[in-house]
Amino acid sequence: MDSCSSEEDLKKRGKIDKEDLKVKSKPEIKPATAAIKNEAPPPPKKSAPVLDMFSDSPSDETSEALQDTNIVDTNVIVNPSINLSENWDDADGYYKFKVGEIMDKYQIFEPLGSGVFSTVVSAKNTKTNEDVVIKIIRNRPSMNRAGQKEIEILQKINNNTSANQKTHCVQMKDHFSYRNHLCIVFEAMSMSLHQLIKKFGKNVGLSLSAVRVYAKQLFIALKHIKNSKILHSDIKPDNIVVNEAKNTIKIIDFGSAGETHESEITPYLVSRFYRAPEIILGLKYDYAIDVWSVGCCLAELFTGRFLFPGKTNNDMIRLFLEYKGPFPKKMLKRSQFVSNHFNDNLVFMKQEVDSIEKTMRKVPYDVTKPTKDILHFLLPKGVQVPDQDMKKINQLKDLIEKCTVLDPEKRITPQDALNHDFLKPF
Ligand SMILES: Nc1ncnc2c1ncn2[C@@H]1O[C@H](COP(=O)(O)OP(=O)(O)OP(=O)(O)O)[C@@H](O)[C@H]1O
């Protein structure tokens, strides 16, 4: 998904070493159907729907023998002349698994997707027969550290619940280390909302009633994450998964999450289209960044289109100004990166390419009031909706407006959002 450039995708988990992020080739993922029909597999793609994988792993005998020697249990390889992990990993440290392979007590079914940090596969617990999903973290020291952090966060999120409480955050079932790869085991869900929109609602979006149900569950999740004193920091449709029946969603991927006191000011936190203005401007941030991201997701769920598809952080600010009007001056005055985007008089400086010189130039772009409207985004000209839906769409517009208030202190809280009229049944 092109919700942000790959470079930004890499930067947003700032604690990862640059070297570790170099991806020369993506993990080799071949669709099962292609293998059966003898077709050439399409290029590997993150979160591709139902894929299968047949790759060349070392024979089990070899790898078990290596494991028995106990020399590959950590990232330190005892004999530097032999890179044992190369046998199991591709050049970028992704684990080359086999369908049917047993990792710990889990038998692998099929790949679900691969991101910058891991390969995600569906599997079965051979002891209980339970379906699970395993995130196999890339074999790189800093990604291993990030994975450990993700486990700590998931423990906090999962432990902070009473029995039967619906948190709408994914449940971690287990974790283990296998051939130098940290593996995190999750409850199995079906597909991401990104995949769901692509499948059922590209450029048209999902039904109003589906958006209402998902919105309610998203705010329950945000309230729970906030009560656990965690910021998710990467909420987007790719990181929200639905169950088979499509009536329950869960937030996944706590790999960018952290506790509030750890908040580091960086303009690349959160995938760009879902990135709140306080991050871009370099202000202290808190739970309100996740509310902003959810607001952007709701608009996208209803329309199948991105609300703020800025090409750069500067372009994101332009869109914010167009939809929301000028920033409060006091917010700009407190911002660390204000001079990147505003002049001394706090007028926005739009970055654009000079068509003749082909160089980047900054031009003043003074916006005194909004020039675009979220209702028009939800209902572009010519789109007809039944009268009875109009009231609900106006409520959705109001909720999105409240989630995307520029000043984070004035943005709606998850608790208040749960009481919003849009979440009430039709
Ligand atoms: N519990 C789950 N059930 C079903 N599918 C899942 C589950 N967890 C992850 N996935 C699928 O795997 C994809 C990648 O998961 P995740 O975002 O956790 O990995 P990642 O390596 O952190 O990815 P990225 O680098 O893009 O952030 C998800 O978009 C989703 O399609």
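# Reading a predicted kinase-domain model

Tutor: Start in helix 10 (residues 313-324), where glutamate 322 and arginine 318 sit four residues apart, about one turn of the helix. This is a predicted model, so local features need pLDDT of at least 70 and side-chain atom pairs count only at pLDDT 80 or more, while totals for chains, interfaces and linings use all residues. Residues are numbered from 1 along each chain as its sequence is written, and side-chain values use heavy atoms, with hydrogens and water left out.

Student: Why does a spacing of four places matter in a helix?

Tutor: An α-helix has 3.6 residues a turn, so residues three or four places apart point the same way. In this model, glutamate 322 and arginine 318 form a salt bridge, with the closest N and O atoms 3.0 Å apart. A salt bridge here is a side-chain nitrogen of Lys or Arg within 4 Å of a carboxyl oxygen of Asp or Glu. Glutamate 322 and arginine 318 are both buried. Buried means under 20% relative accessible area, exposed means over 50%, and partly exposed is in between (1.4 Å probe, protein chains only).

Student: How many salt bridges does that rule give?

Tutor: Side chains of opposite charge can pair when their charged atoms come close. The count here is 21 salt bridges. One of them links lysine 105 to aspartate 104, with 3.9 Å between the closest N and O atoms. Lysine 105 is partly exposed at 26% relative accessible area, and aspartate 104 is partly exposed at 43%. Another joins the side chains of glutamate 352 and arginine 361 at 2.8 Å, N to O. Salt bridges with shared partners also tie Asp315, Arg318, Glu322 and Lys372 into one network.

Student: How are helices and strands assigned, and how many of each does the chain have?

Tutor: They are DSSP runs, numbered from the N terminus: helices are H or I with at least four residues, strands are E with at least two. The chain has 15 helices and 13 strands.

Student: Which way do strand 12 and strand 13 run?

Tutor: Two strands pair if DSSP finds at least two bridges between them. Strand 12 (residues 349-353) and strand 13 (residues 360-364) run antiparallel, joined by five bridges. Methionine 349 in this pairing faces proline 364 of strand 13. The two strands make a hairpin with six residues between them, and lysine 358 in the turn has a positive phi of about 60 degrees.

Student: What do the buried residues of helix 6 pack against?

Tutor: In helix 6 (residues 193-200), Leu193, His194, Gln195, Leu196 and Ile197 are buried. The buried residues of helix 6 pack against several elements, including strand 2 (106-114), helix 7 (208-227) and helix 9 (288-303). Across the chain, residues 24 or more positions apart supply 66% of the contacts with a separation of 6 or more. Of the 426 residues in the chain, 52% are buried.

Student: How many disulfides are there?

Tutor: A disulfide is a pair of cysteine sulfur atoms within 2.5 Å. The structure has zero. For cysteine 169, the nearest cysteine sulfur belongs to cysteine 297, 14 Å away. The sulfur of cysteine 403 is 8.7 Å from the closest one, in cysteine 296, so it is too far for a bond. Cysteine 403 is buried, at 0% relative accessibility.

Student: What does UniProt list for Lys135?

Tutor: UniProt positions follow the numbering used here, feature names are shortened, and annotations may be inferred rather than shown by experiment. The unreviewed entry lists Lys135 under "binding site". Lysine 135 is found in strand 4 (residues 131-137) and is buried at 8% relative accessibility. Beyond its neighbours within four places in sequence, its contacts include Glu150, Phe186 and Asp253.

Student: Where does UniProt place the domain?

Tutor: The unreviewed entry puts "domain: Protein kinase" at residues 106-423. Over residues 106-423 the chain is 36% helix and 19% strand, with the end C-alpha atoms 39 Å apart.

Terms used: Contact = heavy atoms within 4.5 Å.
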